[in-house]
Amino acid sequence: MSSKNVKQSQPDSINGYKSFELGSFSFRRDAYFVHISWTANNTKMSHIISADAFLRALMRDVAWGFFYGTVNFDSVFGTTNRYGSVEMFAGTYNKDLQSQNLDLLEVFDTPIILATFKLILEDWTNEGFDPFAAPAETGQKWIGQKNGSNIEAISRQRQVSQRQPGVPGDIEVRTDENGYKQNRAFADVSQSTPEIYAEPGFEEEVNAFNLFAFLSRSDVTWNPSVTSVCKESLFCPTTEEYILPIAHGNDRAEWFFQMSDQIDWSIQNDATGQPRAKVIMKAGDIAAMPADCRHTGYSPKRSMLLVWENANPELPGWYADGKLPMSPVQF
Ligand code: PHB
Ligand code: FE
């Protein structure tokens with residue numbers, strides 16, 4: 001485990017961005033691109049990612065605390081959550097780089113890699129660029145020389161209910177008044193609220209809210225909020241537009257329920273990135289993602305998706321020991 005702290009340079013004289021080093025990895029950005037470098041097999045390696053794609057992926061890794069399992073930024077670079085520590089890798093789950101020993105994987109204490117990723121995100125996100133927003137809503141402010149920052153956008157936390165939005169003391173149902181405007185793509189979604197008739201004495205226990213109305217007011221894309229919690233069962237609905245900025249390699253099976261419109265999923269082998277399946281999900285479709293795949297979604301129009309996760313911390317061990325089948329349904 002590397003306990004080294006991040007090193008950061010002064011802003012560079014051409015584009016004004018800082019460079020960063022953590023362990024044996026270095027990170028640099030210019031007007032368009034992020035460059036990641038490492039050494040493997042006595043070879044100096046470098047990898048290039050468009051800065052907007054990198055920042056969108058980095059934003060999710062930071063906001064989700066490294067999520068479940070693996071967050072692939074693309075086919076080369078990413079992180080795997082070991083819950084307390086995090087593996088950062090380049091090429092380890094890319095068949096071509098890995099087979100030539102040109103990959104590198106290093107382990108960091110979670111607070112160290114999280115602090116590093118926050119510094120990079122803060123320095124490289126320009127004023128007016130929101131890595132959570134749909135491209136049509138945030139534009140091209142990510143391009144060019146360093147220009148200010150967008151601390152408000154990058155410090156959003158994802159919303160997590162204790163039980164359900166609207167329960168007293170829990171997260172609020174979204175309204176104009178608390179700053180959540182109905183999105184342009186969901187202008188036709190009814191804002192009616194359910195009528196609740198609780199038995200006397202149970203007024204604090206019985207709750208219902210309009211999930212479609214809640215989602216129609218989401219100001220972010222590809223950022224599940226947790227809207228119902230029942231023991232380890234988490235309902236994490238989200239609104240999607242354009243591309244899921246990561247390829248998620250989950251360490252457990254997860255379920256998708258397409259609640260409106262359409263998402264096309266590209267599914268790959270988790271260890272190698274080799275293509276495995278395409279899943280076209282239309283409104284009403286339900287699919288399970290096996291525990292040994294990675295998946296990226298493409299949403300041509302803003303859509304509503306329910307991600308159903310099981311938060312049981314024992315699950316990764318059960319899959320690793322072969323106690324659970326990788327796919328929850330056997331045909
Ligand atoms: C996923 O990786 O399963 C995932 C992540 C974020 C979303 C949707 C799905 O918004
Ligand atoms: Fe996933």
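Biologist: How do you know which residues coordinate the iron ion (ligand 2)?

Modeller: Donors are N, O and S atoms within 2.8 Å of the metal (3.2 Å for Na, K and Ca). The iron ion (ligand 2) has His248 (ND1), Glu254 (OE) and His295 (NE2) at 2.0 to 2.1 Å, so these atoms count as donors. Water is not among the atoms, so the site may look incomplete. This is a predicted model, where local features need pLDDT of at least 70, side-chain atom pairs count only at pLDDT 80 or more, and totals for chains, interfaces and linings use all residues; side-chain values use heavy atoms, without hydrogens and water. Residues are numbered from 1 along each chain as its sequence is written, while chains are lettered from A and ligands numbered from 1 in the order in which they are written.

Biologist: What spacing do the donors of the iron ion (ligand 2) follow along the chain?

Modeller: The spacing is H-x5-E-x40-H. Glutamate 254 belongs to strand β13 (residues 254-258) and histidine 295 to strand β17 (residues 293-310), so this pair ties together parts that are 41 residues apart in sequence. Strands are DSSP runs (E, at least two residues), as are helices (H or I, at least four), both numbered from the N terminus.

Biologist: Why is glutamate 254 called buried?

Modeller: Buried means under 20% relative accessible area, exposed over 50%, and partly exposed in between (1.4 Å probe, protein chains only). Glutamate 254 has 2%, so it is buried. Histidine 295, also with 2%, is buried.

Biologist: Is lysine 231 buried or exposed, and how do you know?

Modeller: Its relative accessible area is 80%, so lysine 231 is exposed. It sits in the loop between β10 and β11 (233-243).

Biologist: What makes the phi of lysine 231 worth a remark?

Modeller: Most residues other than glycine have a negative phi. Lysine 231 has a positive phi of about 50 degrees although it is not a glycine. Tryptophan 222 likewise has a positive phi of about 50 degrees without being a glycine. Tryptophan 222 lies in the loop between α6 and β10 and is buried at 1% relative accessible area.

Biologist: What makes a set of residues the largest nonpolar core here?

Modeller: A nonpolar core is a set of buried Ala, Val, Leu, Ile, Met, Phe, Trp, Tyr and Cys residues joined through side-chain atoms within 4.5 Å. The largest one has 61 residues, and Phe27, Phe54 and Trp265 have the most contacts inside it. Helix α1 (residues 51-63) gives the largest share, eight residues. Domain 1 (3-153) and domain 2 (159-219 + 221-320) each supply at least three; these bounds come from an automatic or database domain assignment.

Biologist: Which residues does phenylalanine 54 contact, leaving aside its neighbours within four places in sequence?

Modeller: They are Phe27, Val34, Ile36, Ile49, Phe73, Phe77, Ile120 and Trp124. Contact means heavy atoms within 4.5 Å.

Biologist: Why are β1 (7-8) and β5 (43-50) called edge strands?

Modeller: Two strands pair if DSSP finds at least two bridges between them. In the open sheet of five strands, ordered β1-β2-β3-β4-β5 with antiparallel pairing, β1 and β5 each pair on one side only. Strands β3 (residues 25-29) and β4 (residues 33-40) have four bridges, so they meet the criterion. Serine 26 has serine 37 in β4 as its bridge partner.
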